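Please keep the sequence and the structure open while reading these points. They concern a few side chains and the contacts between them.

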Amino acid sequence: MRMVVAFVATLFVATAAEVVAAPAAPQMPTFRGGPLLNFENWAASRFNSSKELRQQSVEGEAQIVILINAEGLVEEAKVLSAPSEEIGKALCEIMLQSPKWQPGRQNGKVVKVRMVAKIKFTKKG
């Protein structure tokens, strides 16, 4: 099984008290100083290096919501959908192990940003 991660356009900016739907924060979080592709590659390599998960013969899609806090840490990861409970749990664990991000900003202030990662699973071959 091979995993490909892509972020969908659904983005939310979180204030201290509430989460407000927004098309995008003026400055979205960046991972290791670059585009989201850097995180997508990092997450896919972590998942693909898990021998136990790779041995599962699964095709399909998962969606995981992550919250990047004002310090740039992934504070929360929740499964919206996954091919199995085990895969959903593994994906959340991977997301929570993420190295620090450069946090998002809105109106010159650092903000929490909630994003949805869309993950596709394909059989090798």
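1. Buried means under 20% relative accessible area, exposed means over 50%, and partly exposed lies in between. K112 has 26% relative accessibility, so it counts as partly exposed. Bear in mind that this is a predicted model.

2. K112 forms a salt bridge with E75, and their closest N and O atoms are 3.4 Å apart. The bridge links distant parts of the chain: E75 belongs to strand 5 (residues 74-81) and K112 to strand 8 (residues 109-122), 37 residues apart. E75 is also partly exposed, at 40% relative accessibility.

3. The structure holds 4 salt bridges. In one of them the side chains of R114 and E76 meet at 2.4 Å, N to O. R114 lies in strand 8 and E76 in strand 5, so this pair ties together parts that are 38 residues apart in sequence. E76 also meets K78 in a salt bridge, at 4.0 Å from N to O.

4. A search of the whole structure finds 5 aromatic pairs. F31 and W42 form a tilted one, 6.1 Å centre to centre with 50° between the planes. F31 is in strand 3 and W42 in helix 1, 11 residues apart. Both are buried. F31, F39, W42 and W101 form one aromatic cluster.

5. S98 sits in the loop between helix 3 (85-96) and strand 6 (101-102). S98 is buried, at 8% relative accessible area. Its contacts include F31, F39 and W42.

Definitions and conventions:
Residues are numbered from 1 along each chain as its sequence is written. This is a predicted model: local features need pLDDT of at least 70, side-chain atom pairs count only at pLDDT 80 or more; totals for chains, interfaces and linings use all residues. Side-chain values use heavy atoms; hydrogens and water are left out. Helices (H or I, at least four residues) and strands (E, at least two) are DSSP runs, numbered from the N terminus. Buried means under 20% relative accessible area, exposed over 50%, partly exposed in between (1.4 Å probe, protein chains only). Contact means heavy atoms within 4.5 Å. Rings of Phe, Tyr and Trp (its six-membered ring) pair if their centres lie within 6.5 Å; planes under 30 degrees apart count as stacked, over 60 as edge-to-face and the rest as tilted. Lists of a residue's contacts leave out its neighbours within four places in sequence.
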